[in-house]
Amino acid sequence: DKEAETLMLGFQHPRSLFEVDAHAKPTLEIFDDCMYGSRDQNVRVVHLAGHSTSRCGFAWRKEGSTEYQEVSILDFARRFRPEVPHKGGTVECVVLNACESEEMGKKLLEYGVPHVVCWRSEVRDVTAMKFSEIFYKALDRQSDGRRDYRRAFEQAEVRLSRQGAG
């Protein structure tokens, strides 16, 4: 909830390049609906925050329940296949802001997502949230009209290490 709120508030200024649609604690069904309409809505960045492990994708809340279900990395990555074969989707970057999300990130790259931001190891929630805040601010400050995800990543990485958040 806190990360979604921070992202939404961070882009409410009139010069922001981003229009944020946040779903705190989404179910897998809500995520699927969002992904299905991503091309029509020209979605460029998908940000996922939550819990994951190296053996599975994200843990998703079950519809109408407080329980969670795990979705395999492969099943999760398949959701990013272009809706039209041989015609890429609009998603340029996926941020997997969760522990041990590197394997998911690699699979997303295989499925054609051009840029993926993920974590190799466990990460504290506060560190992950601070990273995403810095990353998106760096993207939002780019004035040339195109998004340089690598540069924004590197800027966030440097700022975090200077702050001792590593």
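**Buried polar side chains and nonpolar cores**

Beyond the residues up to four places away in sequence, Thr90 touches Ser38, Arg39, Asn42, Val43 and Arg44, where contact means heavy atoms within 4.5 Å. The model is predicted, so local features need pLDDT of at least 70 and side-chain atom pairs count only at pLDDT 80 or more, whereas totals for chains, interfaces and linings use all residues. Residues are numbered from 1 along each chain as its sequence is written, and side-chain values use heavy atoms, with hydrogens and water left out.

Thr90 is located in the loop between α3 (73–78) and β5 (93–97); helices (H or I, at least four residues) and strands (E, at least two) are DSSP runs numbered from the N terminus. With a relative accessible area of 11%, Thr90 is buried, a term for values under 20% (1.4 Å probe, protein chains only). A polar atom of the Thr90 side chain lies 3.3 Å from the backbone oxygen of Ser38.

Ser132, in helix α5 (residues 125–141), is also buried, at a relative accessible area of 1%. A polar atom of its side chain lies 3.0 Å from the backbone oxygen of Met129.

The largest nonpolar core contains 20 residues, of which Phe31, Phe76, Phe80, Leu96 and Leu108 touch the most other members. Such a core is a set of buried Ala, Val, Leu, Ile, Met, Phe, Trp, Tyr and Cys residues joined through side-chain atoms within 4.5 Å. At least two residues of this core come from each of α2 (28–36), β1 (45–49), β3 (56–61), α3, β5 and α4 (102–110). Another core, of 18 residues, lies apart from it and includes Phe135, Tyr136, Leu139 and Tyr149.

Methods. Buried means under 20% relative accessible area, exposed over 50%, partly exposed in between (1.4 Å probe, protein chains only). A polar contact is a pair of N or O atoms within 3.5 Å; within protein, one must be able to donate a hydrogen and the other to accept it, and residues adjacent in sequence count only if both atoms are side-chain atoms.
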